[in-house]
Amino acid sequence: MINSKKDDNVILTGFRVGESYFGGFSQYAKVDSNFLVKMPKDLDNKKSMMLGTAGFTALLCSFAVKAKEELLLGTKVKDVLVTGATGGVGSVAIMVLSKMGYDVHAVTGKKDKTDYLKDLGAKNIIDRKEFEGESKLLEKGIWDGVVDTVGGPALTKIFAQTKPGGIVAACGNAGGNKINTTVMPFIIRGVKLWGIDSSGSSLKRREFVWGQAAKLVDFTKVHGFTKELSFNELLETYPKLIKGEFSGRAILNTNK
Ligand SMILES: NC(=O)c1ccc[n+]([C@@H]2O[C@H](COP(=O)([O-])OP(=O)(O)OC[C@H]3O[C@@H](n4cnc5c(N)ncnc54)[C@H](OP(=O)(O)O)[C@@H]3O)[C@@H](O)[C@H]2O)c1
């Protein structure tokens with residue numbers, strides 16, 4: 001743990017806690033101190049967990065897209081596509097990318113969520129169906145950057161539609177694991193695939209990203225799309241998550 005001491009508030013996401021290590025939902029937990037990030041002054045327990053791994057991942061993806069301008073000394077990012085837009089990662093990514101000043105194009109399968117996505121900062125809403133089916137080797141280049149949470153055929157099409165030098169931050173597989181692409185987007189347009197593994201992020205990266213969260217996230221809005229659930233309600237929620245019927249974020253209230 002960097003820069004923390006006894007009684008400090010801390011954040012723990014990833015590092016396989018809740019997967020390989022049990023106790024992710026416990027009120028008291030003994031964990032490896034190297035997993036802990038000191039809570040930035042402008043965050044608190046509830047804010048950080050409303051974001052959780054999904055919000056942290058959305059921030060990592062957004063900074064990957066922004067890297068086109070700074071790290072890679074590329075042209076200004078303008079149009080950014082976000083898939084799985086109503087999900088936890090997608091919703092936070094829309095807020096962060098629009099706060100960064102980009103025009104966000106949100107891909108969703110939920111027609112009734114247009115107002116929600118626009119309120120988060122999406123400029124344009126695209127039906128998920130447009131990212132299904134076969135893609136050409138290269139299509140018209142539209143996106144300067146992409147935050148992709150769904151993978152599969154959508155990601156294949158995304159590569160074909162990314163502008164020269166564009167960065168695709170791929171973090172999820174809600175729509176499938178397989179991609180059927182060619183080398184063309186990468187060698188003709190210099191498209192960059194930036195894989196995101198939030199769980200294995202270094203502590204330095206975690207400190208940087210959590211330190212930026214309060215500047216880039218509107219927590220009143222996050223509160224608006226976060227449900228507070230009991231243990232029993234979690235059990236009813238998991239099947240909805242798997243069927244893609246859940247939107248927004250959920251936090252566990254262990255006292256509910
Ligand atoms: N790499 C990492 O570090 C990391 C970290 C966190 C999450 N993830 C992954 O990122 C993905 C998104 O996570 P999340 O927390 O945002 O999940 P989520 O809240 O369940 O949202 C996923 C969204 O994907 C869309 N979707 C669902 N089924 C789909 C399908 N068959 N085809 C296309 N789109 C579909 C839906 O949005 P619409 O209805 O709006 O289209 C859904 O709301 C998951 O695959 C998760 O495992 C990865």
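Biologist: How far apart do the C-alpha centres of domain 1 and domain 2 lie?

Modeller: They lie 22 Å apart. Keep in mind that this is a predicted model.

Biologist: Which residues go to which domain?

Modeller: The domain assignment gives domain 1 two segments, 10-54 and 200-252. Domain 2 is 55-198.

Biologist: And how many residues does each domain put into the contact?

Modeller: Domain 1 puts in 27 residues, and domain 2 puts in 24 residues.

Biologist: What area is buried between domain 1 and domain 2?

Modeller: About 2000 Å². Carbon and sulfur atoms give 66% of that.

Biologist: Which residues of domain 1 lose the most area to domain 2?

Modeller: Ala54, Leu216 and Phe225. Together they make up 28% of what the domain 1 side buries.

Biologist: Which helices each supply at least two residues of the domain 1 side that touches domain 2?

Modeller: Helix H1 (45-66), helix H6 (203-216) and helix H7 (219-224).

Biologist: Which one gives the most?

Modeller: H6, with nine residues on the side of domain 1 that touches domain 2.

Biologist: What's the make-up of that side by class?

Modeller: On the side of domain 1 that touches domain 2, eleven residues are nonpolar, nine are polar and seven are charged.

Biologist: OK, switching to the ligand. How many residues surround the ligand?

Modeller: 26 residues. Thr86, Val89, Thr108, Ile196 and Ser198 are the closest.

Biologist: What lies 3.0 Å from a polar backbone atom of glycine 88?

Modeller: An oxygen atom of the ligand. Glycine 109 also has a backbone N or O atom 3.0 Å from an oxygen atom of the ligand.

Biologist: And where does alanine 85 come in?

Modeller: Through its backbone. An N or O atom there lies 3.5 Å from an oxygen atom of the ligand.

Biologist: Great, that covers my list.

Definitions and conventions
Residues are numbered from 1 along each chain as its sequence is written. This is a predicted model: local features need pLDDT of at least 70, side-chain atom pairs count only at pLDDT 80 or more; totals for chains, interfaces and linings use all residues. Side-chain values use heavy atoms; hydrogens and water are left out. Domain bounds come from an automatic or database domain assignment. Contact means heavy atoms within 4.5 Å. Buried area is the accessible area (1.4 Å probe) that two parts lose on being put together, summed over both. Helices (H or I, at least four residues) and strands (E, at least two) are DSSP runs, numbered from the N terminus. Ala, Val, Leu, Ile, Met, Phe, Trp, Tyr, Cys and Pro count as nonpolar, Asp, Glu, Lys and Arg as charged, and the others, Gly among them, as polar. A residue is near a molecule or strand if one of its heavy atoms lies within 4 Å of it. A polar contact is a pair of N or O atoms within 3.5 Å; within protein, one must be able to donate a hydrogen and the other to accept it, and residues adjacent in sequence count only if both atoms are side-chain atoms.
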